[in-house]
Amino acid sequence: MDDSISWRLSEMANGMERSRILSIAASVRAMIAEGKSVAPFTVGDFSPAQFDVPSYLTDAIIESVNDGDTNYPPAAGLPELREALSDWMIHRYDLDVGSDGIIVGSGARPVLYASFRLFLEPGDGLAHGVPAWNNHYYVHLNDAIDIPLMGTPESRFLPTAESISHHIEDIRVLILNSPLNPTGTCFTRGELQRICELIVKENTARKSTGKKPIILVYDQVYSTMTAEGVEHVHPVQVCPEIFDYTITLDAISKSLTGTGLRLGWMALPPSLAAPVIALIGHMGAWPARPIQKAAAKLYSKTSMLEDFFDDLDLRIYKRMSALKNGLDNLNRYGVSYVEPEGGIYLSTHFDIFDIIGCETNEEIRVWLLEEAGVAVVPFQAFGLEQDSGWFRISIGAVSVDDIVQAMDRLAQALRNAYGS
Ligand SMILES: Cc1ncc(COP(=O)(O)O)c(C=O)c1O
């Protein structure tokens with residue numbers, strides 16, 4: 001970096017990493033613009049051409065704009081939206097924080113950032129699974145101590161009570177995400193219960209010493225998207241005592257496939273709400289009034305929402321099936337995956353180092369892109385540094401046909417490389 005730039009910036013800004021996923025996605029977009037056949041399995045976004053948001057929502061946004069809803073919204077969110085979201089959280093997850101415990105922000109990111117700011121002092125331990133989406137950036141932003149919990153294919157890349165127990169004394173905030181980005185795997189009841197009980201036990205012990213408790217940040221932005229036979233579980237459903245220590249994050253970005261509409265929320269014990277409202281206010285990270293009004297209407301229509309989520313599950317299922325079929329056919333070349341359980345991602349193992357003659361994930365990524373037009377993100381972008389051949393495939397921007405064609409190109413490229 002140019003000295004005169006680093007001299008002017010803060011240490012925090014100097015050390016800030018650019019999102020690796022967005023850099024890869026930008027290069028893929030450039031190739032597509034040049035007319036190359038590339039399946040963009042990279043971004044965790046939804047292409048509006050493939051996944052449209054409910055028209056009831058967009059109609060209500062337009063109506064609200066036409067009604068002149070252009071002034072500041074209240075800092076915590078419109079009362080009718082907080083009410084509707086509170087009812088939804090009870091209906092769907094048995095989580096009752098009341099409307100006072102719901103605070104909205106412009107997407108999940110501001111409420112995620114707020115949850116870290118509320119509890120972490122510089123030097124506090126922030127524990128998170130690896131691979132996982134973006135946590136390592138938040139460790140840096142908060143000057144926290146990084147406590148990575150290494151996932152393995154055997155644990156479906158999820159952190160376990162056992163892995164957490166090794167660091168329990170150093171943890172101030174534990175973030176869990178289920179369904180998990182980047183792996184598409186979900187906690188079972190038993191797995192989540194063991195983790196929650198461990199936290200409650202540790203916090204009970206801390207009470208008598210005055211040491212601050214472990215706060216569980218539970219990021220469930222993909223919670224409405226689960227594969228057939230898989231249930232999404234919320235911590236209070238398996239361990240009611242965790243309520244006082246749990247911050248739940250959710251958003252319409254993924255659930256309604258409306259990443260650009262920018263509406264997320266935090267559900268937390270209402271006694272903790274005041275500083276969050278102040279922080280969101282200082283950041284000015286409120287969602288616009290029209291999206292709040294529209295979401296309040298939609299979230300009052302439970303059956304309309306449930307229908308949308310069922311249909312979305314079906315659309316995800318069709319894409320995942322095409323993908324799994326294609327990858328199953330490549331098994332003999334060393335391609336495998338972890339069964340997807342939720343969200344829009346598939347963890348894929350391209351153990352093709354010998355076939356294409358390389359040593360790093362980056363070389364595999366470039367080979368897949370250039371030889372097969374398959375754009376994927378290596379697990380290094382999610383904190384797993386080893387060159388182990390693991391990649392994230394996202395189906396948010398592709399059709400079933402795009403997937404079938406990409407798998408055909410990949411099969412051909414592997415056949416050529418293998419010489420058969
Ligand atoms: C697990 C997870 N949490 C939070 C977010 C952020 O969501 P939003 O776009 O609402 O800020 C994402 C986005 O990819 C995500 O994957």
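Pro179 sits in the loop that runs between strand S5 (171-177) and helix H9 (189-209). Please keep in mind that this is a predicted model. The peptide bond leading from Ser178 into Pro179 is cis, and its omega is near -10 degrees. Pro182 is also placed in the loop between S5 and H9. The bond from Asn181 to Pro182 is cis too, with omega near 25 degrees. Why mention these bonds? Because most peptide bonds are trans.

There is another backbone detail, at Asp94. This residue is in the loop between H5 and strand S2 (102-105). Asp94 is not a glycine, yet its phi is positive, at about 60 degrees. As background, most residues other than glycine have a negative phi.

Now the overall layout. The protein divides into domain 1, made of 3-51 + 307-418, and domain 2, made of 55-301. Taken over C-alpha atoms, the centres of domain 1 and domain 2 are 26 Å apart.

How many residues are in contact between domain 1 and domain 2? On the side of domain 1 there are 35, and they touch 35 residues of domain 2. The area buried between domain 1 and domain 2 is about 2800 Å², and carbon and sulfur atoms give 63% of that area. Which three residues supply more of the area that domain 1 buries against domain 2 than any other three? They are Phe309, Glu341 and Phe382, and they supply 26%.

Between domain 1 and domain 2 the count is 1 salt bridge.

Which elements does domain 1 use here? Those giving two or more residues to the side that touches domain 2 are helix H2 (11-14), helix H3 (20-33), helix H14 (302-328), strand S10 (345-350) and strand S13 (390-394). H14 makes the largest share of that side, with 5 residues. By class, the side of domain 1 that touches domain 2 has 19 nonpolar, 7 polar and 9 charged residues.

H14 comes up again in the aromatic pairs. The whole structure has 14 of these pairs. One of them joins Trp88 and Phe309: the ring centres are 5.9 Å apart and the planes are at 50 degrees, so the pair is tilted. Trp88 is in helix H5 (residues 79-93) and Phe309 is in helix H14, so this pair links distant parts of the chain, 221 residues apart.

H14 also takes part in a salt bridge. The structure holds 12 salt bridges. In one of them, Arg315 pairs with Asp52, and the closest N and O atoms are 3.3 Å apart. Arg315 is in helix H14, while Asp52 is in the loop between strand S1 (39-40) and helix H4 (55-66), so the pair ties together parts 263 residues apart in sequence.

That is the end of the tour; I will take questions now.

Note on methods. Residues numbered from 1 in each chain as written. Predicted model: local features only at pLDDT ≥ 70, side-chain atom pairs only at ≥ 80, totals over all residues. Heavy atoms only, no water. Domains from an automatic or database assignment. Contact = heavy atoms within 4.5 Å. Buried area = accessible area lost by both parts, 1.4 Å probe. Salt bridge = Lys/Arg side-chain N within 4 Å of Asp/Glu carboxyl O. Helix = DSSP H or I, 4+ residues; strand = E, 2+ residues; numbered from the N terminus. Nonpolar A, V, L, I, M, F, W, Y, C, P; charged D, E, K, R; others polar. Phe/Tyr/Trp six-rings, centres within 6.5 Å; stacked < 30°, edge-to-face > 60°.
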